[in-house]
Amino acid sequence: MELTDIKSLDLDELTEYIVSLGEPKFRAKQLYEWMHVRLVSGYDEMTNIPASLKAKLKENTFYASLYPERVQVSKEDGTSKYLFRLYDGNYIESVLMHYHHGDSVCISSQAGCRMGYTEYSHLRETGYPTLL
């Protein structure tokens, strides 16, 4: 059985999905708020969602989140480099650079780095098995 990427559903699709599980429609709006407004990292943080629904969702969906593993901040220019663990155990990097004209962000679109640019050796070794 293929798991549903619940965070990719818009509110109408989420409502349809929740109703298909035998749950009341209002649960979709609650879930949507937790995922896209409060930005929680998983079902266990959703305090107004019943345990029975959380169990159904854990069994039938996946909940993609970023888990910060490491942050490095340059003393020279304030550039911040982030290492995030993905839901599938792979890693991505992101860099926030500050310039006089504004900020710039570099965001990984693939897990790993085939070019060997990364300082994190386990990313160099893995290539990029996950496309974001």
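**Entry 1: elements.** I counted 4 helices and 6 strands in the protein chain; helices (H or I, at least four residues) and strands (E, at least two) are DSSP runs, numbered from the N terminus. Along the sequence I read the pattern β-α-α-α-β-β-β-β-β-α. I note that this is a predicted model, where local features need pLDDT of at least 70, side-chain atom pairs count only at pLDDT 80 or more, and totals for chains, interfaces and linings use all residues. Residues are numbered from 1 along each chain as its sequence is written, and side-chain values use heavy atoms, with hydrogens and water left out.

**Entry 2: whole chain.** I looked up burial and found that 35% of the 132 residues of the protein chain count as buried (under 20% relative accessible area, with a 1.4 Å probe and protein chains only). The protein chain exposes about 8500 Å², and carbon and sulfur atoms supply 51% of that area; the accessible areas come from the Shrake-Rupley method with a 1.4 Å probe.

**Entry 3: helix H2.** Which residues of helix H2 are buried? In H2 (residues 26–36) I listed Arg27, Ala28, Gln30, Leu31, Trp34 and Met35. They lie on the same side of H2, because they cover an arc of only 160 degrees around the axis; the arc is taken from the directions from the helix axis to the C-beta atoms. The buried residues of H2 pack against helix H1 (11–20) and helix H3 (51–60).

**Entry 4: core.** I looked up the largest nonpolar core, which has 17 residues. Such a core is a set of buried Ala, Val, Leu, Ile, Met, Phe, Trp, Tyr and Cys residues joined through side-chain atoms within 4.5 Å. Ile6, Leu14, Ile18, Leu31, Met46 and Leu57 have the most contacts inside this core. H1, H2 and H3 each supply at least two of its residues, and H2 gives the most, with 4 residues.

I then checked Met46. Leaving aside neighbours within four places in sequence, Met46 is in contact (heavy atoms within 4.5 Å) with Leu31, Trp34, Met35, Val40, Lys54 and Tyr63.

**Entry 5: sheet.** In what order do the strands of the open sheet stand? I read E3-E4-E5-E6, 4 strands with antiparallel pairing; two strands pair if DSSP finds at least two bridges between them. Strand E3 (67–73) and strand E6 (102–107) are the edge strands, each pairing on one side only. Strand E5 (residues 91–99) and E6 pair in the antiparallel sense over 6 bridges. Met97 stands opposite Ser104 in E6.

How values were computed. Buried < 20%, exposed > 50% of the residue type's maximum accessible area, 1.4 Å probe, protein only.
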